[in-house]
Amino acid sequence: MAQKTYTWKEAFEDSHATAETGNPRAQNFVGDCYAVGKGVPRDLSMARRWYEKAAQNGNAEAIFNLAVVNDLGRGMRRNSVRAAHLYRQAASRGHLQAQTN
């Protein structure tokens with residue numbers, strides 16, 4: 001059985017539709033797409049928006065991504081206090097990289 005190959009644009013569009021329904025994994029993926037400009041133009045404020053939605057829905061990867069955004073000041077002013085809080089939150093959910101950071 002042949003597996004369909006998606007373009008980044010198709011993957012973004014499918015995930016965006018799912019993200020709109022409140023799926024936190026899809027919300028995080030949409031944030032990733034915006035962060036790196038895959039399937040959609042790069043937009044760091046939109047990446048942060050989608051990471052925040054996914055984080056509010058409990059996605060540990062999104063919480064970590066939001067911590068990195070705050071830690072490095074990507075598309076916003078750097079906020080190391082919030083970054084540390086988010087790293088701890090993701091770490092408490094078992095996110096290994098957050099535990100390291």
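Start by selecting E52, which is partly exposed, with a relative accessible area of 27% (buried means under 20%, exposed over 50% and partly exposed in between, using a 1.4 Å probe and protein chains only). You're looking at a predicted model, in which local features need pLDDT of at least 70 and side-chain atom pairs count only at pLDDT 80 or more, while totals for chains, interfaces and linings use all residues. Residues are numbered from 1 along each chain as its sequence is written, and side-chain values use heavy atoms, with hydrogens and water left out.

**Stop 1: the partner of E52**

The side chains of R48 and E52 meet in a salt bridge, at 4.0 Å from N to O (a salt bridge is a side-chain nitrogen of Lys or Arg within 4 Å of a carboxyl oxygen of Asp or Glu). Why are they separated by about one helical turn? Because R48 and E52 are 4 residues apart in helix α3. Helices here are DSSP runs of H or I with at least four residues, strands are runs of E with at least two, and both are numbered from the N terminus.

**Stop 2: the other salt bridges**

How many salt bridges does the structure hold? There are 3. Go to K9 and E13, whose side chains meet at 3.8 Å, N to O. This pair sits in helix α1, and being 4 residues apart, K9 and E13 are separated by about one helical turn. E13 is partly exposed, at 42% relative accessible area.

Then pick R78 and D71, which form a salt bridge at 3.2 Å, N to O. R78 is exposed, with a relative accessible area of 53%, whereas D71 is partly exposed at 21%.

**Stop 3: α1 against α2**

Two packed helices are described by the angle between their axes and the distance between the axes. Select residues 8-20 for α1 and 24-36 for α2: these helices pack at an angle of about 140°, with their axes 8 Å apart. (Axes are lines fitted to C-alpha atoms, for helices over the stretch in contact, and angles run from 0 to 180 degrees between N-to-C directions.) That makes α1 oblique to α2; angles under 35 degrees count as roughly parallel, over 145 as roughly antiparallel, 65 to 115 as roughly perpendicular and the rest as oblique.

α1 passes α2 in a left-handed crossing, meaning that the near helix is turned anticlockwise from the far one by less than a right angle (clockwise would be right-handed).

For the contact itself (heavy atoms within 4.5 Å), show W8, A11, F12, S15, H16, T18 and A19 on the α1 side, and A26, Q27, F29, V30, C33 and Y34 on the α2 side. The residues of this contact divide into 9 nonpolar, 4 polar and no charged. Ala, Val, Leu, Ile, Met, Phe, Trp, Tyr, Cys and Pro count as nonpolar, Asp, Glu, Lys and Arg as charged, and the others, Gly among them, as polar.

**Stop 4: the end of α2**

Buried or exposed? At 56% relative accessibility, V36 counts as exposed.

**Stop 5: α2 against α3**

Bring in α3, residues 44-56; the axes of α2 and α3 come within 8 Å and cross at roughly 165°. That makes α2 roughly antiparallel to α3. This crossing is left-handed too.

From α2, display P24, Q27, N28, V30, G31, D32, Y34 and A35; they meet L44, M46, A47, W50, Y51, K53 and A54 in α3. Here the residues divide into 10 nonpolar, 3 polar and 2 charged.

**Stop 6: A54**

Zoom in on A54 in helix α3. At 0% relative accessibility, A54 counts as buried. Which residues does A54 touch, not counting those up to four places away in sequence? They are P24, Q27, N28, N59 and A62. A54 and G39 are 15 residues apart in sequence and 19 Å apart in space, C-alpha to C-alpha.

**Stop 7: α3 against α4**

Last, select α4, residues 60-72. Its axis and that of α3 come within 8 Å and cross at roughly 140°, and α3 and α4 are therefore oblique to each other. Their crossing is left-handed.

On α3, show R48, Y51, E52, A54 and A55, which meet A62, I63, N65, L66 and V69 in α4. The residues of this contact divide into 7 nonpolar, 1 polar and 2 charged. And that brings you back to E52, among the α3 residues that meet α4.
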